[in-house]
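Please have a look at it first, and then I will go through the parts one at a time.

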Amino acid sequence: MALVARHILRPLDTLTCSVQAVARGDYSRRLDTTRADEIGDLARAVDALTQQLDSSRATLERRLTDISAAEARFETLFESAEIAIWNEDFTDLAGRLEILRHQGVVDLRAHLRQTPELVWELLACVRVRHVNRASLRLFGARDEAEILSGLARIVTPETHGVLINKFCAVWARESVFQSETVLRTLGGERRVVLLSFPVPQTAEGLAAVPVSFLDVTPIRKAEDRLRRNTLELERSNSDLESFAYASAHDLREPLRNITSYTTLLSRRLADRLEPEEQEFFHYVHQGALRMDDLVCDLLEFSRIGRPGRPLEPVDLADVTERLLRAPIEAGAETEGAASLPVVLGIPADLEKLYTNLLGNALKYRSPDRPLRLTFGAVPEGSFWRLWLRDNGIGLQPGQGYEERIFRLFQRLHGRAEYGGGTGIGLAICRKVVEHHGGRMWVESPGLDQGTTFFFTLPAPPPRVGPPGSVFGRMELLPKDP
């Protein structure tokens with residue numbers, strides 16, 4: 001019996017105690033694994049299992065530590081976030097939706113519209129577990145308990161449709177839900193918020209869904225102000241253009257009377273007037289003529305962009321071919337005009353554009369060399385970017401002349417220099433371009449180095465024309481300037 005106790009019972013008792021220790025969570029015991037019999041095999045198996053359990057326990061503890069640290073970090077981020085975030089539980093909501101599905105509901109949106117009271121029943125299934133400090137600030141609550149007890153005061157009539165969309169997103173298991181709605185603070189102030197959350201795809205994710213509320217009220221108010229100001233500006237511009245058109249039209253008649261009667265008086269009184277008095281009559285007559293020129297240009301400026309004239313395809317090569325006859329006869333050299341594209345515009349206005357640009361180039365050409373005009377165009381999205389380059393007197397850099405020359409009645413030189421003028425031609429050019437939805441600017445390397453006027457005009461809608469048609473011609477200059 002002593003031999004049996006020593007070789008069988010004691011090892012079994014040791015093995016039993018070791019297993020009991022493992023059951024209590026003590027993985028430190030190790031068994032005698034040197035025996036070559038069945039007890040040794042059992043001891044080795046138990047010892048290996050103990051080591052495996054010890055390793056699994058250590059791994060589990062590390063993972064639990066990592067999870068705890070991650071939860072702490074998330075809690076810190078949750079509380080310190082500048083955006084209002086609610087931690088919501090969708091478990092009951094998902095269960096209620098499943099019941100509706102089993103009851104035969106296929107189109108949840110249509111079902112909710114037919115039974116609007118169900119929307120509030122589903123909302124009651126959503127439990128708010130926690131809100132961050134930004135939520136308290138957004139809704140004007142002192143603490144979490146106050147905001148949770150006042151949830152009914154937060155919703156507005158506009159919220160109803162968004163709630164339907166929210167429940168349908170959970171029903172369809174969309175990836176992300178996002179929608180703009182209007183909510184109230186606990187004090188009754190309306191706030192426009194962008195509501196968004198990731199739609200849970202698993203049962204585990206239903207218990208904690210982060211729902212964010214981004215306050216976009218200042219942005220929407222700014223947009224409303226901008227919209228109102230834009231409408232008011234459009235009305236003011238329309239009224240101003242109508243006033244300018246009417247004023248310019250009505251002013252021409254008295255100006256014609258002044259010029260006609262000063263001419264008649266100067267002729268009738270020619271023998272009785274002193275030279276100085278004749279000079280005075282001349283100044284009056286010239287002033288009236290200049291005023292008439294200004295009024296005519298102002299009238300032309302006010303006509304640009306007036307409603308009632310539809311856009312149509314315009315072949316700029318044909319337009320410039322007609323307008324270049326006079327400059328060519330005056331000795332100007334041209335390049336690239338025949339390659340200009342077809343644009344979408346008002347023919348009369350585009351003719352004014354090139355007329356004024358060519359007139360500007362002729363007026364400010366260099367006296368030391370023949371005038372050279374280079375036309376070009378490159379596609380730029382749904383527009384054409386076009387240019388007209390001359391080799392004239394250029395612009396002095398660093399003086400702001402690149403913007404000043406487009407202002408009404410602005411001239412960079414004396415009234416009598418370079419053939420005079422009213423200083424409105426380039427203002428008309430920019431207004432034509434802007435009323436076509438484009439933009440216009442000028443570049444010049446410096447004095448006596450020429451000037452390049454750039455502008456954009458809309459391209460016609462894509463279409464295929466027969467060979468040789470104006471819609472089929474897309475010729476460009478060899479390279480972009």
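Before I come to the sheet, one definition: two strands are said to pair if DSSP finds at least two bridges between them. Please also keep in mind that this is a predicted model.

With that in hand, consider strand β9, residues 372–380, and strand β10, residues 383–390, which run antiparallel and are joined by eight bridges. Within this pair, Ala377 stands opposite Leu386 of β10. Both strands belong to an open sheet of five, with mixed pairing, whose order is β7-β9-β10-β12-β11. At its edges are β7 (333–335) and β11 (440–443), each of which pairs on one side only, and neighbouring strands of the sheet are turned by 20° against each other on average, direction ignored. Across β11 and β12 (451–458) lies helix α16, residues 425–435, which runs at about 30° to β12.

Let me turn to the cores. Which residues touch the most other members of the largest nonpolar core? Among its 43 residues, they are Phe90, Leu93, Phe167, Phe197 and Phe213, while helix α9, residues 159–172, supplies the largest share of this core, eight residues. Leaving aside neighbours within four places in sequence, the contacts of Phe90 include Val126, Lys166, Phe197 and Leu206. A second, separate core holds 40 residues, among them Leu316, Leu358, Leu386 and Phe406.

Finally, the cysteines: Cys125 is buried, with a relative accessible area of 16%, and Cys429 is buried at 0%, and a search of the whole structure finds zero disulfides.

Definitions and conventions: Residues are numbered from 1 along each chain as its sequence is written. This is a predicted model: local features need pLDDT of at least 70, side-chain atom pairs count only at pLDDT 80 or more; totals for chains, interfaces and linings use all residues. Side-chain values use heavy atoms; hydrogens and water are left out. A disulfide is a pair of cysteine sulfur atoms within 2.5 Å. Buried means under 20% relative accessible area, exposed over 50%, partly exposed in between (1.4 Å probe, protein chains only). A nonpolar core is a set of buried Ala, Val, Leu, Ile, Met, Phe, Trp, Tyr and Cys residues joined through side-chain atoms within 4.5 Å. Helices (H or I, at least four residues) and strands (E, at least two) are DSSP runs, numbered from the N terminus. Contact means heavy atoms within 4.5 Å. Axes are lines fitted to C-alpha atoms, for helices over the stretch in contact, and angles run from 0 to 180 degrees between N-to-C directions.
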